[in-house]
Amino acid sequence: MNWNLFVTELTAGITHGCVYALIALGYSMVYGILKLLNFAHGDIYMVGSFIGLGIINGFGGATNVHINVVLMLFLMFAAAMLGGGLLGVMIERFAYRRLRSAPRIAPLITALGVSFFLENAAQLILGAQQQSYNSFSWPSSPIALNGFVLPAQVHVSYAQIIVVAGTIVLVIALTLFVQRTQTGKAMRAVSFDREAAAMMGIDVDHVIVVTFFIGSALAGAAGVFNCISYQQVFPTMGFQAGLFAFTAAVVGGIGNLPGSVLGGLLIGLAEAFSIGYISSTFSQAIVFAILIAVMLVRPSGLLGRAVVQKV
Amino acid sequence: MDGGKDIPPVPAPDEARAPKVGVDEWVASHGERREQRAGLVGRVQTELERVPRPAFYLSFGIAAAFLPVFTNNGYIIRVGFDTLLYMLLALGLNIVVGYAGLLDLGYVAFYGFGAFGYAMLASPKFGLHWDTLLIIPVVVVASAILGLLVALPSRRLLGDYLAIVTLFFGQFFVTVYQNGNHISVLGLTRGYDVTGGPNGIPNVDNFDLGGLKISSLQGYFYTALIIFMLALLVVYLVDQSRTGRAWRSLREDPLAAELMGMPVNRLKLVAFAFGAAIAGLTGTLFAGLNTAVFSADFDVPTLIIVYAMLILGGAGSLGGVILGALVVNVSLEVLRTPGHATWIFYVVLAATLLVKVRPWKWLAIVAGGTLGLGYAAHAIVSSAWPSSVGGQTSVGGTLGSFLQGWVLHPTNPRIVGNITFVILVLAVLGLTLLHDWQRRLAMIPTICLAAFVWENRLVVEPSITRLILIGVILIVLMNARPQGLLGSARVEIV
């Protein structure tokens, strides 16, 4: 057995899986609260990665960053999360809010339109070509090259470590927020029963805005993470990432936050191993097959509970 | 939350306007509707409603049949043919989305399946040259079966899951079409060339209907028209039937439909298969005229365009399908030429103002203010930076010289155009938050900004502008008029 290939795909899968997990968390939160499949979520991820690129270019380009690299990483994340979050809140306010009581299909089609609009507006403004992202140095050579070597001669870069560590921090912060704070409690209540929560005096609009902000901020952070380790940005990158992340959310059990993380890792690993061992062009088909299999065997996802529909 | 001390007082019910118990809104507004019908317009409206629907469809067919008689222009007939294809696609999608209320995002995969199916069975690719009259039923039945297979795993699930499964399926199909030049069975056999990969399948045969070879554009136009009218008739009859009523009840409330004893799962599958069959049929027509098929024609942009047609016309309405495809496809074609596109842009802008801004006094203020602000900005900025008027507008004639003096055309508009595009989006969003006089006043700078962005950025990149507009159509229509142009609004029981 070729251990080098196996461990390489394992690390790549975990890195990519972390990115999917972050996007899936936002999908899952929005779905849990509004029962809305927000197709535009993947495009927020795209916008987040372009914001990160803008910060790098703003501080002298990737090769000669003229501020401290840690400070720049912090700025990239802060800007991408803030920008992504605000974009998510705007989308909610202007595109979805009026459709809350409309038939289910109306917000879905609107979400499709928002996603299409964002993708093409990004193409208009930024151009359709791929732009290259990273390779800023830390401490001496580019972070995608610099790192350490695992057994079996597998190279792990600092970029991958930043992605995994950053994801863990964000997931813990989110869990604490949802479990321990007043707003987090309100979010869980609205997700459980919006009408009853409103009668208990919870400001539902406010909770939904907060949910969109946090979910979209996570997608913005995921955009920066992805680009630190994979180095390419282009306007249509959000589509497939959104699709995979949604699959991750469904596989883990939609509306269930630990499930989304589990699903994200699973999808990332499945994609990496199918690229390594089967075929790079058909990795999408394999993820699709996983989705179908989970929906046939366990429609509520791996960690989700079956919901009894009440009239 | 502070314990509800800011709860607004319940407004006293307006006796005259409040619906009575047991009377829905529609009945309650009976008097209002009667009054609206007065006058000449009302008379015409009332008379038009008496005409049976099929008469409208038939008159559309007759009118369309005269198109090749009036013009020999190959381009116009080609646009007509494409519009008919889009009408067929929208007709099929109308069954799935409009009648049954299922969101099918893999719809264009069936279209591609039909096109590739025809191309494989009637081209030198595999040396097969089947009779068209045999291929069409085979492809249509195969598409329907494929539709059944796709809907099968998701039939018990909510609409959202169906959407994502079909979206994946559509993407999967595009991947197969694109990489189909070396497909091997689970990596065990050697790679077979099935779809030609990025090169597509060239040299596809023309239609051959039992000895009648169709090779001219006119011939295809009439074939497409006849097929469309037949499909329209079938769909109309199905819509009037028991199945059609069952679909609509499924769309309105799946749970209630199930409780009424309707076979919900079977209805969903039938709707899916029906839509897929029409898409497959359309695909054969597409392949027959173009004599070559490529995977890029069956990707997400096509899907969104068909959705925009359906939504604009009104999902669930057959007349809406015709109107939506006509309006969207013709405007997309017009947008290809910058000169024409600019005309359309200003005419639509003016018409929107004319319809939406009332009373007349305000219309005069907004129009005058817009003109004045444009000229003022032009005068001030051009005297400060001469390079801000170095560019050219894309139309000639009176409109061109007017625009040259009214809108700024910087020599190098790319960056400033991009920034103003973002500002314009924010400004338009801001407009929706304002009301009454504030909104009307805010319109003035927004329109000037829109003209600037249009002249300097949007008209320069027609292919992206088209797609942006499609996205905007979907968002705006869903928020402002979800029933589309011809659909009927849902009657909510009070």
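Is Leu486(B) buried, partly exposed or exposed? At 45% relative accessibility, Leu486(B) counts as partly exposed, where buried means under 20% relative accessible area, exposed over 50% and partly exposed in between, with a 1.4 Å probe and protein chains only. The model is predicted, so that local features need pLDDT of at least 70 and side-chain atom pairs count only at pLDDT 80 or more, while totals for chains, interfaces and linings use all residues. Residues are numbered from 1 along each chain as its sequence is written, chains are lettered from A and ligands numbered from 1 in the order in which they are written, and side-chain values use heavy atoms, with hydrogens and water left out.

Leu486(B) is placed in the segment after α21 (462-480) of chain B; helices (H or I, at least four residues) and strands (E, at least two) are DSSP runs, numbered from the N terminus. Although Leu486(B) and Gly320(B) stand 166 residues apart along the chain, their C-alpha atoms are separated by 5.2 Å. Not counting residues up to four places away in sequence, Leu486(B) touches Gly313(B), Ser317(B), Gly319(B), Gly320(B) and Leu323(B), a contact being heavy atoms within 4.5 Å.

Chain B as a whole has 21 helices and four strands, and buried residues make up 46% of its 494 residues. Of the contacts in chain B with a separation of 6 or more, 72% are between residues 24 or more positions apart.

The axes of α6(B) and helix α11 (residues 242-252) of chain B come within 8 Å and cross at roughly 50°, where axes are lines fitted to C-alpha atoms, for helices over the stretch in contact, and angles run from 0 to 180 degrees between N-to-C directions. The two helices, α6(B) and α11(B), are therefore oblique to each other, since angles under 35 degrees count as roughly parallel, over 145 as roughly antiparallel, 65 to 115 as roughly perpendicular and the rest as oblique. Ile95(B), Gly98(B) and Tyr99(B) of α6(B) make the contact with Trp247(B), Arg248(B) and Arg251(B) of α11(B).

In chain A, Asn38(A) is found in the loop between α1 (3-34) and α2 (41-58). With 2% relative accessibility, Asn38(A) counts as buried, and its side chain is joined to that of Tyr96(A) by a polar contact of 2.7 Å. Such a polar contact is a pair of N or O atoms within 3.5 Å; within protein, one must be able to donate a hydrogen and the other to accept it, and residues adjacent in sequence count only if both atoms are side-chain atoms.

Most residues other than glycine have a negative phi.

| Residue | Phi | Relative accessibility |
|---|---|---|
| Lys35(A) | near 55° | 40%, partly exposed |
| Thr291(B) | about 55° | 27%, partly exposed |

Lys35(A) lies in the loop between α1 and α2 of chain A, and Thr291(B) in the loop between α13 (264-290) and α14 (300-313) of chain B.
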